Amino acid sequence: MGDSQYSFSLTTFSPSGKLVQIEHALTAVGSGQTSLGIKAKDGVVIATEKKLPSILVDETSVQKIQCLTPNIGVVYSGMGPDFRVLVRKSRKQAEQYHKLYKEPIPVTQLVRETAAVMQEFTQSGGVRPFGVSLLVAGFDDNGPQLYQVDPSGSYFSWKASAMGKNVSNAKTFLEKRYTDDMELEDAVHTAILTLKEGFEGQISGKNIEIGIIGTDKKFRVLTPAEIDDYLAEVE
Amino acid sequence: MSKEMVDLPPKGGFSFDLCRRNDMLAKKGAKPPSFRKTGTTIVGLIFQDGVILGADTRATEGPIVCDKNCEKIHYMAPNIYCCGAGTAADTEAVTDMVSSQLQLHRYHTGRESRVVTALTLLKRHLFNYQGHVQAALVLGGVDFTGPHLHTIYPHGSTDTLPFATMGSGSLAAMSVFESKFREGLTRDEGIQLVAEAICSGIFNDLGSGSNVDICVITKGHKEYLRNHLLPNPRTYVSEKGYPFPKKTEVLLTKITPLKQKVEIIEAGDAMEE
């Protein structure tokens with residue numbers, strides 16, 4: 001492949017006009033665990049598989065869905081350690097915004113600043129792009145919002161989106177099931193069904209994680225017991 | 001572009017570049033502008049269920065009261081509040097900054113902030129600035145280990161006490177506490193004692209005045225009683241207005257138009273040229 005000569009250096013374009021390292025980063029994301037998000041008319045839900053490498057791992061110590069501000073949460077597909085770094089930077093930016101303007105940061109601003117950080121790492125020397133795609137869910141004065149941020153630093157607002165291993169099946173499923181006037185409860189059920197589609201093994205409250213934000217503008221991660229209740233409703 | 005323009009001040013700490021100029025101006029008789037201080041009486045005490053903080057609401061600029069109802073009890077965390085005495089800008093900036101740091105710390109640890117964390121962040125910052133940040137604080141809160149009350153001095157030293165007062169009115173307030181404080185006060189007794197202490201500062205110290213603010217913090221709950229007592233109401237504004245009766249009687253109303261006096265000058269030469 002002609003491209004392979006240009007695939008080692010991040011800051012060099014290949015003849016076809018691509019930055020091959022970013023393509024590789026997207027591949028890393030594509031082999032990560034499935035995660036998805038759905039925007040309902042009164043809230044947003046994000047969910048992910050939580051498959052642990054061994055049954056000996058204490059699953060209560062792993063939390064893939066994180067809170068960035070009281071009204072914005074985020075989930076990822078890809079490399080966990082890269083996600084931790086981004087979460088730390090985003091929280092700091094949100095807090096700096098709040099300190100300066102004394103108002104909670106709007107979702108679009110936080111997404112823009114996080115995307116700017118990810119873009120920086122595609123145009124600097126000696127660094128590699130982040131191997132994660134993020135799904136940012138928030139509720140502010142502009143209503144519920146869902147954004148996907150890619151390793152290149154580009155971001156889009158989605159009504160429903162999926163990332164990771166089973167992305168094409170999941171997206172097809174979401175396209176069929178999504179309606180504009182969905183409520184948050186319906187969205188949670190749809191999210192569970194979508195995860196179930198490509199799930200290997202028995203789905204339960206311990207191996208998936210769901211985060212929701214409703215009109216109360218408080219992002220929270222559901223407890224395993226609550227997830228089990230939703231699973232029982234779905235069946 | 002010369003290098004001086006791009007030269008930024010070193011990060012952190014104050015820049016003392018203008019001190020020599022200020023000294024020269026002072027010697028020549030130019031007085032430096034006075035800054036807003038919170039003369040202040042601030043107090044805190046531990047009662048049976050938690051902590052009660054109290055403060056007056058007067059801010060002074062030299063001999064002038066510049067704010068009759070300012071807020072001296074600052075938010076640090078949902079379970080921690082801090083009263084500030086000294087230069088108003090310093091207390092607000094320092095408490096704001098540490099409040100932001102505590103919020104980030106809460107995200108990272110996933111736990112409620114501890115009072116000693118706030119205490120350590122504040123005292124490190126104040127010590128780094130060697131007393132130039134003139135903020136004297138009374139920090140109180142309830143966390144997992146129980147209720148805590150601390151005082152922090154501008155140079156960075158701290159005390160842990162069951163009852164504390166700071167500010168220019170601290171002696172007046174301390175006299176009330178020393179005579180009436182005891183362990184295991186109930187909420188109402190505690191609020192009354194704090195209000196009494198602040199009132200003694202308000203009435204006996206020139207740097208304190210106006211109203212009493214109180215904040216009660218217990219495990220899992222807080223109450224911010226803004227203007228709990230208003231012992232200095234404005235009494236001089238009359239709603240009816242001030243009617244001034246007319247002193248001069250009207251005897252006669254008659255309108256006489258003034259006669260117009262118009263002189264017609266026989267035109268001599270018309271204006272020429």
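This is a predicted model: local features need pLDDT of at least 70, side-chain atom pairs count only at pLDDT 80 or more; totals for chains, interfaces and linings use all residues.
View 1. Chains are lettered from A and ligands numbered from 1 in the order in which they are written, and side-chain values use heavy atoms, with hydrogens and water left out.

Helix α3 of chain A covers residues 107-120, and because its 14 residues should span 20 Å at 1.5 Å a residue, the 20 Å between its end C-alpha atoms agrees with that expectation. Here helices (H or I, at least four residues) and strands (E, at least two residues) are DSSP runs numbered from the N terminus, and the expected span of a helix is 1.5 Å times one less than its number of residues. The buried residues of this helix are V107(A), L110(A), V111(A), T114(A), A115(A), V117(A) and M118(A), where buried means under 20% relative accessible area, exposed means over 50%, and partly exposed lies in between (1.4 Å probe, protein chains only). Seen down the axis of α3(A), these buried residues fall within an arc of 155 degrees, so they line one face of the helix; the arc is that of the directions from the helix axis to the C-beta atoms. They pack against β3 (66-69), β4 (72-78), α2 (80-101), β5 (132-140), β6 (143-149) and β7 (155-157) of chain A, and contact means heavy atoms within 4.5 Å.

**View 2. Y155(A) in strand β7 of chain A.** Y155(A) is found in strand β7 of chain A, and at 32% relative accessibility it counts as partly exposed. Leaving aside neighbours within four places in sequence, Y155(A) is in contact with V111(A), R112(A), A115(A), Y147(A), Q148(A) and V149(A).

**View 3. The largest pocket and Q66(A).** The largest pocket has a volume of about 750 Å³. Of the 28 residues that line this pocket, Q63(A), Q66(A), C67(A), R91(A) and Y107(B) are the closest to its centre. On a 1 Å grid over the protein atoms alone, a pocket is an open set of points with protein on both sides within 12 Å along at least five of seven lines, whereas a cavity is a set of points where a 1.4 Å probe fits but cannot get out; lining residues have an atom within 4 Å of a point. Grid points are joined across faces, edges and corners, and a volume is the space filled by probe spheres set on the points.

α2(A) gives the most to the lining of the largest pocket, with seven residues. The lining divides into 11 nonpolar, nine polar and eight charged residues, where Ala, Val, Leu, Ile, Met, Phe, Trp, Tyr, Cys and Pro count as nonpolar, Asp, Glu, Lys and Arg as charged, and the others, Gly among them, as polar. Q66(A) is found in strand β3 of chain A, and beyond its neighbours within four places in sequence it is in contact with G73(A), V74(A), F83(A), V87(A), R91(A) and F219(A).

**View 4. The second largest pocket and K102(A).** The second largest pocket has a volume of about 610 Å³. Of its 28 lining residues, the closest to its centre are E95(A), H98(A), K102(A), Y75(B) and Q103(B). α3(B) gives the most to this lining, with eight residues, and the lining as a whole divides into 10 nonpolar, eight polar and 10 charged residues. K102(A) has its place in the loop between α2 and α3 of chain A and counts as partly exposed at 48% relative accessibility. The phi of K102(A) is near 50 degrees, which is a positive value in a residue other than glycine.

**View 5. T91(B) in helix α3 of chain B.** T91(B) is found in helix α3 of chain B and is buried, with a relative accessible area of 2%. Leaving aside neighbours within four places in sequence, T91(B) is in contact with H74(B), G84(B), A85(B), A135(B) and L137(B).

Notes: Residues are numbered from 1 along each chain as its sequence is written.
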